[in-house]
Each structure stands twice: as C-alpha cells, then as structure tokens.
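Please work through each task before reading its solution.

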Amino acid sequence: MSKIAYDLKKIKAIVFDVDGVLSPSTVPLGTDGMPSRMVNIKDGFAMRFAAMSDIRIAIITGADSPAIVQRFKALGINDIYTKASMKLPILIQWMEANHLSPVEVAYVGDDIPDYECMTYVGLPVAPADAAVDIQAVARYVSPVEGGYGVARDIIEEVMRAHEKWMLGQKAFGW
C-alpha cells in the first residue's frame, strides 16, 4: 500500500524541477559565478529505470546550464526544458504533445516558480524542505529533502503501483 493518497496507477508521467528538487537548495558557486549542482545517484537510477519502463519523465527548470542537459540526457530523458521563466505554458504544451491529462501527471517542485504547475497537475509533490506555500498545495510532501532522493521516492511509489519496480532485466542493467 502506498504512502501517497492518490491513485498512482493513473500516473503516466512525472515532471521535475531541478534546483531544490533534483539538487539541494544550497549549491556552491564556481569561480565563474555559476552554481555547481550536485545530483543524487539513486535519483538518477530511478529516473533512468522509469524512462525505460514507459513512465514519461520531463525536466522543467529556470536554470541555464549545459551540465543539466548533459546529465539528464545521459539518463535517457529527452524532454528537458531550461531557461523556463514561466513553467506552466511549457508544461501544458508538453502534456498536449504527449496526450496527457492533468490526472496522469505528477509534478515535483519546491518553490514559487513551481506553484502554477503544481496546481495544474493531478499529483503535486514537494520535498520535505520545500517552501511553505508549495507544501500547502502538494498532495504529497516527501519525507526526503530536495537533492537527497525525492525523485527516487516518487518514482519508486509510482512504479510499485504499476507493478514495474524491480521487475525484469531493466531493473538490473544500466
């Protein structure tokens, strides 16, 4: 039984913000003034496994970083939107292109730029350290802080509901 009060069998896609979700909220700045983001290896495994198992994965971030594109493309994620100053129009266009209704989509966000997207989808998810306003609209607040396994948490729950977690050769290969 899932710890999430939502019919996870409806979820066909999960969309992630980056900073504060797939990387911690606090990141060191490089000498060039650009953030040096960390990523969670278990998040990466889960994202790749989900993408290989027909769960659509997308990234929508305001960040402008070739490293973000490189990292997530290496995991088999092709729907990566950077420099997104307004995320909702991108989310809606992506959902339409993939024939997804709001009840079929989970969105994981941590701060005000994610608010509109989170109120649009069926399953808004927030990390434990998300902004108060974001936690208030989330249907599920993960016990995990951003950058420390939030993607793994939601993907594992969704894939277990679909009876795809730890099944087949996809689960054990890279």
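**Exercise 1.** Determine the handedness of the β-α-β unit made by S1, helix H1 and S2.

*Solution.* Step 1: locate the elements, which are DSSP runs numbered from the N terminus (helices: H or I, at least four residues; strands: E, at least two). Strand S1 covers residues 13–16, helix H1 residues 41–52, and strand S2 residues 56–60.
Step 1: apply the criterion that a crossover is right-handed if, with the strands pointing away from the viewer, the path from the first strand over the helix to the second runs clockwise. The unit of S1, H1 and S2 is right-handed.

The model is predicted; local features need pLDDT of at least 70 and side-chain atom pairs count only at pLDDT 80 or more, while totals for chains, interfaces and linings use all residues. Residues are numbered from 1 along each chain as its sequence is written, and side-chain values use heavy atoms, with hydrogens and water left out.

**Exercise 2.** Trace the chain from S4 through S5 to S6, giving the pairing and handedness at each stage.

*Solution.* Step 1: S4 and S5 (residues 123–126) run parallel and are joined by three bridges, with Val125 in S5 as the bridge partner of Val108.
Step 1: together with helix H4 (residues 115–120), S4 and S5 make a right-handed β-α-β unit.
Step 2: S5 runs parallel to S6 (residues 140–141), and two bridges join them; Ala126 stands opposite Val141 in S6. The chain crosses from S5 to S6 through helix H5 (residues 132–137), and this β-α-β crossover is also right-handed.
Step 3: in S5, Leu123 and Val125 point one way, Pro124 and Ala126 the other way, and all are buried.

**Exercise 3.** Find the salt bridge that Arg56 forms, and classify the accessibility of both partners.

*Solution.* Step 1: a salt bridge is a side-chain nitrogen of Lys or Arg within 4 Å of a carboxyl oxygen of Asp or Glu. A search of the whole structure finds eight.
Step 1: Arg56 pairs with Asp79, their closest N and O atoms being 2.4 Å apart. This pair links distant parts of the chain, with Arg56 in S2 and Asp79 in S3 (residues 79–81), 23 residues apart.
Step 2: Arg56 is partly exposed because its relative accessibility is 34%, whereas Asp79 is buried because its value is 15%.

**Exercise 4.** Which salt bridge does Glu156 form, and where do the partners lie?

*Solution.* Step 1: Glu156 meets Arg152 in a salt bridge (3.2 Å, N to O).
Step 1: both residues lie in helix H6 (residues 150–161), four residues apart, about one turn of the helix.
Step 2: Glu156, with a relative accessible area of 21%, is partly exposed; Arg152, at 23% relative accessibility, also counts as partly exposed.

Technical notes. Buried < 20%, exposed > 50% of the residue type's maximum accessible area, 1.4 Å probe, protein only. Pairing = 2+ DSSP bridges.
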